[in-house]
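Subject: Structure handover

Hi,

Here is the structure I promised to pass on. Have a look at it first, and my notes follow below.

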Amino acid sequence: MGSQSLLLLCVLCLDSVFAQVSYSVPEEMPKGSVVGNIAQDLGIDLKRLKSGKARVYTGNNVEYIGLNKERGVLFIQERIDREAFCGETTPCALDFQLILENPMEMFRITVEITDINDNYPSFTNAEKRFEISESAILGSKFILEKAIDPDIGVNGLQKYSLSPTDNFILQMENEADGGKKVEMVLQKALDREIQAHIPLLLTATDGGEPQMSGTMQIFVTVLDANDNAPVFSRPLYRAKIMENSPKETSILTVSASDKDIGLNGMVSYTMTPSKLRLNDIFKIDEINGVITSFGELDYERVGSYQIDIEAVDRGGLSDSAKVIIEIGDINDNKPNINIVSKSDLVLEDSPPETVIAMLSVNDPDSENNGQVNCILNNLIPFKIKSTSNGFYSLVSDTYLDREQASQYNITVTCSDEGVPSLSSSVTLTLHISDVNDNAPVFDRSSYEAYIVENNSPGLSIFTVKATDADWNQNARVSYILEDSSVNGVPVSSYVSVSADSGVIHAVRSFDYEQIKDFRFCVKAQDGGSPPLSNNVTVKILVQDQNDNAPQVLYPVQTGGSLVAEMVPRSADVGYLVTKVVAVDVDSGQNAWLSYKLQKAADRALFEVGLQNGEIRTIRQVTDKDAVKQRLTVIVEDNGQPSRSATVIVNVAVADSFPEVLSEFTDFTHDKEYNDNLTFYLVLALAVVSFLFITCVVVIISVKIYRWRQSRILYHSNLPVIPYYPPRYSDTLGTATLPHVYNYDTCRTTDSRKSDIKYMQPMSQSLVSVDDVEIDSAQNGHQRSTNSTLFE
């Protein structure tokens, strides 16, 4: 038969969209036959069929229908026998689903299998024998076996014919189930003497094209009188048995009576053959008519049975009754869960209601035993939603977070409403794919690190550490030094940061005395797209080293003059001579200073305060003590190792300045010549050389100048005028200075150290001795002050 198509499209809105398409095809179509253009009927592009990985889902059934994604058509994949597939069920339909992914879509497709006349009517037995008494009254009925034709409708069994019809005719009676009872009715009295054996032919014909038929031979043996047929107590019997009943369970008893007596009144019971092969399921006792179960009962396969029972007496007379046995359902089937489609991976930023999987759930039990409810395991962000016809969608209930859970094991449990309830479960594993939604986080809100000054460049100071809750590339952290400046200098000239490890290195050597601390920012950036970052403040504290020696501020050590502290001989014990003042630019204990008397002419006379540097007398001064006292004080810091500086303190023990001056002349001479002797020798050599060259040049220049002047004057007649220096005056025979100046002169026996000094007032305890040599012949005026210059 040619292909016939019937299209029906319907849309159901239950959180997901399902379309239904129906086709009609005849059975027994060859493989490869086209059922219909599903792409055109559903309005789906062929590209969508390919990209959506379109496939046909039939559950656990045989895939009779296939999908050609290239052409978008459904085709016959396996030959379909309607009788084997549906039996007597009508209409016969094949239901399956077309599944698409990305996004998930499901379309329900129904293919109705129409019947063709491919089966002829047949009888279970090739022949039937009757023994009929000749005394059988006209109108006596003899039940004939029904023919079986698996086809339905017009292709099914339509009529019977009997030949010859001399003694018997056929009679058809409607039955309660819509079938027809076939009876052979005696229309002409039998005469055994005329014909003891009557052969008949029963023909069953269907209404198909071409018409087909089947035959059964009937042999009638004419007996002597048995003129009463058995009669059932009622034409229809009903009974019910549970599907889990054991074998040999008694179901019901049928009963027929025969008015004859003796052998003609003995009735036997038999089941009329049927295409369901009821003899394999039920048994009837031929004598007492008890029907019992014999085979396995299954409500899900057959819910009820209709049995034709025949009661026959020994004379061949018979009657029939129908027995309907209903099978009671018990909850003996668990819900069947099939995964139609599922996703193994979903992005963590997927919105709620994202479809994770589609499930098909069915329970073949009836009523409450077949009502199914599905739930999920607790504490997971998913939910299950019923769509239609036993299909469920597993969707996300909220936004997912891979950092909280990177994988879910989703258990779907489906239970029926039977008593006791039966359930099935299936577990789906879903992986959550990472997106870059977390910035790196430092393990501290800020950092402080210490580095000792005078470090070597490239020294590793410490490490900053940031972690990223994301995964893989999104969690790969790089460290970047943010641009900033420290005291106007880019921070990159101070430190550097390793991009991979976060190790901070010193770029230069630090000096605590120049910079004590500084701050900068380090950025941690992940490898996502776009990247996320976070900043942290780092404070570097430079620790002091004892790299500076103490510096003496007082007394000042000068090479041009000699300062001495004067102590009167009347000074008491503990007399404060002077105080050594020193500082150390280091910090902490490196700057804690202590003072010690390293060397002294008389250690029994003076002492130095360990902490304050005060020089005091420790006994009474006597006349025997030398006027000239030279003390060497060492100043030490408390660093490791310790650094020190020394200072020489000159002390004059005397009551008058002349006494002090006379004693200090040699003292200063020795000091000057002992300090920096090498330096002065080199300096003197350089000065002498310079002076020598200068003198030679000056002498030559003067000689040339005088020679030229003499030549000019020799040839000139101008009078010679004496030259006097400016402001020159010889009035009163005084010196060349026009005003009177007060000045003091100090002369020593060593003219090399002679000088002239204009004096300033000084403290009472301080003596300044300057050796002065005055070449002028003028007389000076001597002024007495607290400070005295000695000649």
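V267 stands opposite D313 in β23. Before going further: this is a predicted model, in which local features need pLDDT of at least 70 and side-chain atom pairs count only at pLDDT 80 or more, while totals for chains, interfaces and linings use all residues. Residues are numbered from 1 along each chain as its sequence is written, and side-chain values use heavy atoms, with hydrogens and water left out.

Back to that pair of strands. β20 covers residues 267–271, and β23 covers 304–313. Helices (H or I, at least four residues) and strands (E, at least two) are DSSP runs, numbered from the N terminus. The two run antiparallel and are joined by five bridges; strands count as paired if DSSP finds at least two bridges between them. In a regular strand the side chains alternate between the two faces of the sheet. Buried means under 20% relative accessible area, exposed over 50%, and partly exposed in between (1.4 Å probe, protein chains only).

**The cores**

A nonpolar core here is a set of buried Ala, Val, Leu, Ile, Met, Phe, Trp, Tyr and Cys residues joined through side-chain atoms within 4.5 Å. The largest one has 29 residues, and V495, I504, F520, V522 and V538 touch the most other members. Among the elements that give two or more residues to this core are β34 (446–452), β42 (517–525) and β43 (533–543). What is F520 in contact with, leaving aside its neighbours within four places in sequence? The list is L481, S484, V491, V495, I504, V536, T537, V538 and I540, with contact meaning heavy atoms within 4.5 Å. Another core, of 28 residues, lies apart from the largest one and includes I38, A54, I80 and V111.

Two cis peptide bonds to check in your viewer:

- S163 to P164, with omega near -10 degrees; P164 sits in the loop between β11 (157–163) and β12 (168–174).
- E209 to P210, with omega about 0 degrees; P210 is in the loop between β14 (197–206) and β15 (213–223).

Then there is positive phi. L379 is not a glycine, yet its phi is positive at about 60 degrees. L379 lies in the loop between β28 (372–376) and β29 (382–386), and counts as exposed because its relative accessibility is 86%. N472, also not a glycine, has a positive phi of about 60 degrees. N472 belongs to the loop between β36 (466–467) and β37; at 48% relative accessibility, N472 counts as partly exposed.

Cheers
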